[in-house]
Amino acid sequence: MSIKRRSKYTLSVLLLALFLGIIMGLANIPMAQTSPQIPVYKVAGSADLSNPGSASYWSQIPWINISLTANIPMAPTSGLTHYLLVKAVWNGSWIIILERWYAPEPAFGAWSAAAAGLYPLASGPSLFRLIMLTPGTTYTIEKNYTNCFAIVNGETIQGRLVLNYSGILLPTPNNTQITITSNGTIILWHSPDPMEDLLYTDGMFYGYYVNSTWYYPDRAAIMWYMGNVVPPTKDDMNMGGEYPNQTFDGVTFKDAGGSLAQPGGAANIWMWVSGATWNNITYDPAFKVNLWQNTSLTGLPYVDPGNHGFAVPLYTNNTNMYEVDTAGIWYAPVATSGLNGSLFFIWTGATYQDGYWTVEFARPLAVPSAYANWMPNITVGKTYYVAFAVWQGRLGETLFDKSITPNFLTLELVTTPPTSTTTSTTSVTSVSSTTTVTTITSISSATIYVTVVGIVIAIVALIILYVVFRR
C-alpha cells in the first residue's frame, strides 16, 4: 500500500474519531439510568409538621415546578391552579413530600361535605354542592307527571322539571331543586354524582357555584399508581354513578364516579382537605369541633398524640373509588375490619401565608401488611408513577372540577443529595397532553464523565492531525 493511500486511511480514521469525540462532548447524554422527574433525596432529620417546610434540609432541596391543567376542560372553574411546586426527601424510614401553590383566596372555614355529614350541627359553606348550569339553559315543568315535584326558588311545584340546552332535553329526578338568579342563571342544588355526569354529557355543566358565603374547601392530592399497565398514560378519573352499572332515573352508568380511567389501572391517593384534615381549630371546622376524637360519630377515634393533620387514604381502580379504612366517611370502605388507624396513617401539616398554601405530607415507607393491597410500600431502587391535583374551593373547584397533572411523573428514592445546580426543563408527553416539569437539578457524574471523555478524544485527534500534516 502506498504512503499516500495510508495517509488517506489515517486521515479518515482520525476524522471519524474527531467527529465521534465532538458528538460525545456536545450531546451531554448521561450513560447512567434516566433520572426521575421527582428525585426523593436522602436526608437526616424528621418532618416538622407544625411548620411545614421549616426543617433545615429543605433549603438544600430544589423545588420542582409542575404544570397543571383542567380536569374538566369545558368548565371555567376547572384548572385554576397553573403550577405546583414540589420537593421530596426520605430519612430511612419515612418519605416526606412538600407542596406549595398560589391560592389568592384561601377557603377558610368551609366544611368538607363528607365530614359535615357526620356532624349534626354542621353549618356554613360546602355542606353540599351547587352547580351553575351553562348560560342559555332553560327549564320547563311537565305537569303530566302527577307524582313528581320540583322546587323552584324555594317553591314546591307539581310536575317534572326538564332542562333544555340548545334543544337537548334532560328530565331531572323527582324533587329536583333549582334557584334562578336575577340574570337568569340556573343553580341546581344537592346534585348527586350521576346527575353531574348527565349535565356534563349534555353540555349543561358550567361549574360549581360559589359566592362570598358559599364555597368549598381547598384540597391537594397525590396519586400513586399501583396498576399492572406500565407506564400508565391516564391519571384522570371517570364521572359516573355511585357504583358501576348504577341505574339512575332510568339511565344506567357504566362507570362509577372516581374510578380510574387508565385501563388495568389502580392507585392510592393521599388527599389533604382544608375543611376536614387540616389541624387548625380556627379555620378547619372539623378540627374546631373535635370531630375526629368523637368515636360515636366516626367510629374511628383520632389517635395521633400530636393531634396533627392527616391525608385521607383513598384507593381507586377501574371499578370504583374507595376509602382505605373501615368507616367510609368520604367513599365506600375497602374493608369492614383490620384497618385500625389507617385513616390517620398519612400525616400532614399545612400553613397559608403570603398568598400560598404550603402542605407537607409524611408517611412511613413501609406499610402494615393489612394496608398493602391499597397503599404502596416505598423502597429504594424502584420507579413510582405519581400524579398531583389541587383544588381552589373559593373559586369553584371541588370533586371532579380541579387542576391536575395531565399524566403521571416518575419518582424515585435516591441515595445522594443534590450536589450542584442547573436549570432544566423536561416535557413529558402522554397520548393527549404534555406536562412541563422545571427543576433545579444536580449534574450527574455520568454526564460529566461522557462530556470530558468526548473533549479528550477531540483534543487527541486534533494533535494527531497536526503531526500528520506537519510531516
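Author: A charge sits over a ring if NZ of Lys or CZ of Arg is within 6 Å of the ring centre and within 35 degrees of the ring normal. In this predicted model, K87 lies over the face of W63, at 4.3 Å from the ring centre.

Reader: And which ring does the charged end of R160 sit over?

Author: That is the ring of Y145, with the charged end of R160 placed 5.3 Å from its centre.

Reader: How many aromatic pairs are there?

Author: The count comes to 29 aromatic pairs. One of them joins F108 and W357 in an edge-to-face arrangement, 6.1 Å centre to centre with 90° between the planes.

Reader: Where do F108 and W357 lie?

Author: F108 belongs to the loop between β5 (94-102) and α2 (113-116), while W357 is in strand β23 (residues 356-364), so the pair ties together parts that are 249 residues apart in sequence.

Reader: Is W357 buried or exposed?

Author: W357 counts as buried because its relative accessibility is 0%, under the 20% cut-off. F108 is partly exposed, at a relative accessible area of 22%.

Reader: Which aromatic cluster includes F108 and W357?

Author: One cluster is formed by W101, F108, W272, W278, Y283, Y352 and W357.

Reader: Changing topic, where does D193 lie, and is D193 buried or exposed?

Author: D193 lies in helix α3, which covers residues 193-201. D193 counts as buried, since its relative accessibility is 11%.

Reader: What is D193 in contact with, leaving aside neighbours within four places in sequence?

Author: With those neighbours left aside, the contacts of D193 are R129, G240, E242, L399 and F400.

How values were computed:
Residues numbered from 1 in each chain as written. Predicted model: local features only at pLDDT ≥ 70, side-chain atom pairs only at ≥ 80, totals over all residues. Heavy atoms only, no water. Helix = DSSP H or I, 4+ residues; strand = E, 2+ residues; numbered from the N terminus. Buried < 20%, exposed > 50% of the residue type's maximum accessible area, 1.4 Å probe, protein only. Contact = heavy atoms within 4.5 Å. Phe/Tyr/Trp six-rings, centres within 6.5 Å; stacked < 30°, edge-to-face > 60°.
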